[in-house]
Amino acid sequence: MSDSPMPRIRRTLDRAGRRIDVHIDTGDGWRAAEAGDAAEAFAIPSAFTTEFELARYDSLGLPDGATVLPVCPASFRDFMVFEQHAVAAARGLARRFVPAGYRLGRVFETLTRRTFPAFRPHALWYRQPIYYMSNALTIVPSGIPIASPAYSRALDFELELGVVLAAPLRDATVEQAAAAIGAVVVVNDFSARDVQLAEMRSGFGPQKSKHFATSMSATAVAGAAVADRLDRLTATVVINGNTVSRTGTQGMRYSMAEAIAHASRSEHLYPGELLSSGTLPGGSGMELGRWLAPGDELRLEIDGIGVIEHRIEQ
């Protein structure tokens with residue numbers, strides 16, 4: 001790890017000026033960003049006009065001075081690069097919604113000391129990075145109160161590492177993909193688990209179980225500052241002041257650069273696109289047996305990157 005400060009940015013809402021102000025911290029506290037300073041480390045062209053962004057924050061009821069998204073992403077690809085999460089999440093989903101299958105799986109695992117085949121990722125997962133496209137326009141800032149969608153009774157969180165591209169790519173090498181990472185953020189992929197199972201069985205992947213809300217940390221770190229250790233970050237999940245999981249980004253089957261390079265195969269990627277690692281091991285309630293409920297205070301943190309906090313409402 002480098003001893004030099006990691007440049008971070010955050011953005012705040014200026015309602016009177018109808019603008020979004022950028023602030024930067026290079027180790028000596030937050031200050032307004034100016035042309036020619038370290039803010040250039042986050043030179044990610046915006047895909048949206050300021051007025052469009054302001055309208056989004058108006059709809060969320062954000063007050064003047066509120067911290068908004070550090071980067072407003074143009075798209076959102078969500079990968080699944082952690083096998084440990086995939087297996088534990090499959091067990092958790094079966095335990096809650098398919099109890100007979102869960103019991104069968106646990107008997108198999110006890111007798112054979114091997115993972116029950118139905119709990120393992122699909123064979124394609126072992127050959128290439130897999131992902132789904134989520135809704136970038138429902139990504140909200142940290143601090144927004146969150147309620148379960150009306151059609152769900154199983155609201156869950158997913159702590160993930162996100163990267164935002166600062167350069168266009170197509171058929172990129174892993175090295176080119178790594179160099180294109182302009183910003184690194186914390187992502188929380190909210191999930192309606194009781195809806196997700198049926199949607200996954202449809203063959204089309206998650207839809208209403210995921211698209212209603214995702215959230216992002218209040219700060220972003222310059223990609224160049226952490227590019228050499230994206231697979232060595234530590235993280236925590238805290239609910240109501242109690243640490244329920246200590247985890248990290250170790251154990252990726254595919255690096256974020258490998259995932260980006262795969263996404264760019266015969267496909268143009270553009271600055272401002274967000275790509276996420278998928279849930280860190282132990283980074284979801286489905287793995288922990290701890291579902292979110294009204295009144296819960298959720299805090300997700302990846303050390304050195306950022307924090308996401310939400311109060312769960314009725």
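**Exercise 1. Into which classes do the residues lining the largest pocket divide, and which element gives the most to the lining?**

Step 1: classes. The lining of the largest pocket holds 21 nonpolar, eight polar and eight charged residues. Ala, Val, Leu, Ile, Met, Phe, Trp, Tyr, Cys and Pro count as nonpolar, Asp, Glu, Lys and Arg as charged, and the others, including Gly, as polar. A pocket is an open set of points on a 1 Å grid over the protein atoms alone where a 1.4 Å probe fits, with protein on both sides within 12 Å along at least five of seven lines; lining residues have an atom within 4 Å of a point. This is a predicted model: local features need pLDDT of at least 70, side-chain atom pairs count only at pLDDT 80 or more, and totals for chains, interfaces and linings use all residues. Residues are numbered from 1 along each chain as its sequence is written, and side-chain values use heavy atoms, with hydrogens and water left out.

Step 2: centre. The lining comprises 37 residues; nearest the centre lie Met80, Ala86, Leu93, Gln196 and Met200.

Step 3: elements. Two or more lining residues come from each of β5, α2 (83-97), α3 (99-112), β6, β10, α5 (193-201) and β17. Helices (H or I, at least four residues) and strands (E, at least two) are DSSP runs, numbered from the N terminus. α2 gives the most, with six residues.

Step 4: volume. The largest pocket holds about 1,000 Å³ of space. Here grid points are joined across faces, edges and corners, and the volume is the space filled by probe spheres set on the points.

**Exercise 2. Which residues of α5 are buried, and what covers them?**

Step 1: burial. Arg193, Val195, Gln196, Leu197 and Glu199 of α5 are buried. Buried means under 20% relative accessible area, exposed over 50%, partly exposed in between (1.4 Å probe, protein chains only).

Step 2: cover. The elements over these buried residues include α2, β9 (155-156), β10, β12 (191-192), β17 and α8 (285-288). Contact means heavy atoms within 4.5 Å.

Step 3: the end. Gly203 follows α5, and its phi is positive, near 90°.

**Exercise 3. Why is α7 largely enclosed by the rest of the structure?**

Step 1: count. Seven of the eight residues of α7 (256-263) are buried, so the helix is largely enclosed.

Step 2: names. The buried residues are Met256, Ala257, Ala259, Ile260, Ala261, His262 and Ala263.

Step 3: packing. They pack against β5 (75-79), β6 (131-133), β10 (158-165), α4 (174-179), β11 (181-188) and β17 (273-284).

**Exercise 4. With which strands does β15 pair, and over how many bridges?**

Step 1: β16. Six bridges join β15 to β16 (242-248), and the two run antiparallel. Two strands pair if DSSP finds at least two bridges between them. Val238 has Thr243 as its bridge partner in β16.

Step 2: the hairpin. Two residues separate β15 and β16, and Asn240 takes a positive phi near 55°.

Step 3: β18. β15 also pairs with β18 (297-302), antiparallel, over five bridges. Thr236 has Glu301 as its bridge partner in β18.

Step 4: cover. Five of the six residues of β15 (234-239) are buried.

**Exercise 5. Is Thr249 buried or exposed, and which residues is it in contact with?**

Step 1: place. Thr249 sits in the loop between β16 and α7.

Step 2: burial. Thr249 has 0% relative accessibility, so it counts as buried.

Step 3: contacts. Beyond its neighbours within four places in sequence, Thr249 is in contact with Phe82, Leu161, Leu230, Asp231, Arg232, Leu233 and Leu280. The Thr249 side chain reaches the backbone nitrogen of Arg232 at 3.2 Å.

Key: A polar contact is a pair of N or O atoms within 3.5 Å; within protein, one must be able to donate a hydrogen and the other to accept it, and residues adjacent in sequence count only if both atoms are side-chain atoms.
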